[in-house]
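This report describes annotated positions and charged surface patches. The sequence and structure are shown first.

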Amino acid sequence: MKRVGRISLIFLLVIAGAFVGVWAYSTFFDKPQVVTVKEEQAAQFVNYPADSDQKLPDLTFAAEKSIHAVVHIATQSVRTGQWSSGNPYLDEFFGLQKREPQVQQGFGSGVIMSEDGYIITNNHVIENAQNIKVILNDKREFEARLVGTDPSTDIALLKVEAEDLNYLTYGNSDNLQLGEWVLAVGNPFNLTSTVTAGIISSQGRNLGINQDQYRIESFIQTDAAVNPGNSGGALVNQQGNLVGINTAIASRTGSYAGYSFAVPVSIVKKVVEDLKEFGEVQRALLGVNIGDVNAEIAEELNLDKVEGVYIGRVVENGAANEAGIKEDDVIISVDGEKTKTAAELQERVSQYRPGDNVDIVVIRDNEKKQFTVTLRNKHGDTEIVRDNITVLGAEFEAVSNSVKQDLGIRNGIMITNLQKGKLKDAGLEKGFIITTVNKKPIYEVSDFKREVGNARGGILVEGVYPNGKSAYYVFGVER
């Protein structure tokens, strides 16, 4: 009995202890934590009233004005594609076989710049083309003549025999502002008469896409949609004036991905004038190797601003050297216009011709110094550089299909007039049909001009006379 009572007492004590423990925990340890959170200020939004004067620009005038002055360009090139050692006996020994000529089609856009048919496009649109066709917005078609090209800026000039054409006038690309609305007009994917809109995203872009030794790049960057086929088309402002020639896009797929680039008319206008007057661009050179000023150069030269054009090397006997400009000078202006980057400097100088005088301001030892520089051409003098064809002293015409068939040739151009020059000195005579230059087939005069222009050292001209007699000639062209 006592044992049972003792157990009951222990049980009651355990139960009482449990209640005490629960009471103590809930009283001293189970208080909820209170966190005070400061309420953030609500975002502010601005609503324009329904009758606000804030409107998007009306681009219909610019579109209507430009659409009839932008053309579709279709090109055709023929290449044999055959491999050759240059020796027919070796070709036969090694089994090198002739292939049938391959016809390649291309397309792009162009801008009519005069009522009598001068048309601007990109050099890469018509490069290597034997036939160039221009299709107007009203569906009329014309065969185009190549007036000249400038690989340095990727600009080419064509001419069609027509009158009273719609054309664009030059705007001022130097006055363009970031955020300004522009239109891109062209023929993407062979879709004629296409207009897209965007804003100026940046200026003075140097992309390094032109492969020419004397390349000049100071592109206008926009976000107007541009695709393959737009090349050579117009970039116009809200007044419908030409401010650039659409040339390239930034893309990983080959199609538009957000940004496009155009050659500014500040460069285009000078190129076109030179091609019309001389057949070749009169490129003015300072004779310096340049680059943008970066933070490292600015610190080394103790410059106040990280801007300007750093001169890394001065060409001996060049224009800058003769004027007194030295290495480590920093160019900050050309004829009173600021030059913050190398692209801006190239754009400024490209507007001059050899023999022109320009005032160049540089920073040297933290002091501004001004020099008057007489610009020079690629040969190091101030003379006008003449078209290669004029220098060689010959005029040509295409060879008819019947003559080709009679002589058993696939291509060639015939000399119709021969004056004093390299060809006559080498022994060529009137009537000679040039079929290859340095083993490259010649279909049109533009092919001959291109191969002679690209030649380094000796030039090998091969062909046939109307009587069937084959001949070849070798001569050199001074650079």
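Helices (H or I, at least four residues) and strands (E, at least two) are DSSP runs, numbered from the N terminus. The model is predicted, so that local features need pLDDT of at least 70 and side-chain atom pairs count only at pLDDT 80 or more, while totals for chains, interfaces and linings use all residues. Residues are numbered from 1 along each chain as its sequence is written, and side-chain values use heavy atoms, with hydrogens and water left out.

An unreviewed UniProt entry annotates His124, Asp154 and Ser231 as "active site"; such annotations may be inferred rather than shown by experiment. These positions are spread over 108 residues of sequence, yet they cluster in space, with a largest C-alpha distance of 10.2 Å. Histidine 124 belongs to helix H4 (residues 123-126).

Glu296, Glu299, Glu300, Glu327 and Asp328 form a negative one, whereas Lys305, Lys338, Lys340 and Lys368 make up a positive one. Glutamate 300 lies in helix H6 (residues 295-300), and lysine 340 in the loop between strand S17 (337-338) and helix H8 (342-349).

The table uses these classes: buried is under 20% relative accessible area, exposed over 50%, and partly exposed in between (1.4 Å probe, protein chains only).

| Residue | Relative accessible area | Class |
|---|---|---|
| Histidine 124 | 36% | partly exposed |
| Glutamate 300 | 62% | exposed |
| Lysine 340 | 43% | partly exposed |

How values were computed. Patches are made of residues with over 30% relative accessible area and no salt bridge: like charges are joined within 9 Å, nonpolar side chains (Val, Leu, Ile, Met, Phe, Trp, Tyr) within 5 Å. Accessible areas come from the Shrake-Rupley method with a 1.4 Å probe; for residues, only the protein chains shown count as cover. A salt bridge is a side-chain nitrogen of Lys or Arg within 4 Å of a carboxyl oxygen of Asp or Glu. Lys and Arg count as positive and Asp and Glu as negative; His and the chain ends are not counted. The place of a charge is taken as NZ of Lys, CZ of Arg, CG of Asp or CD of Glu.
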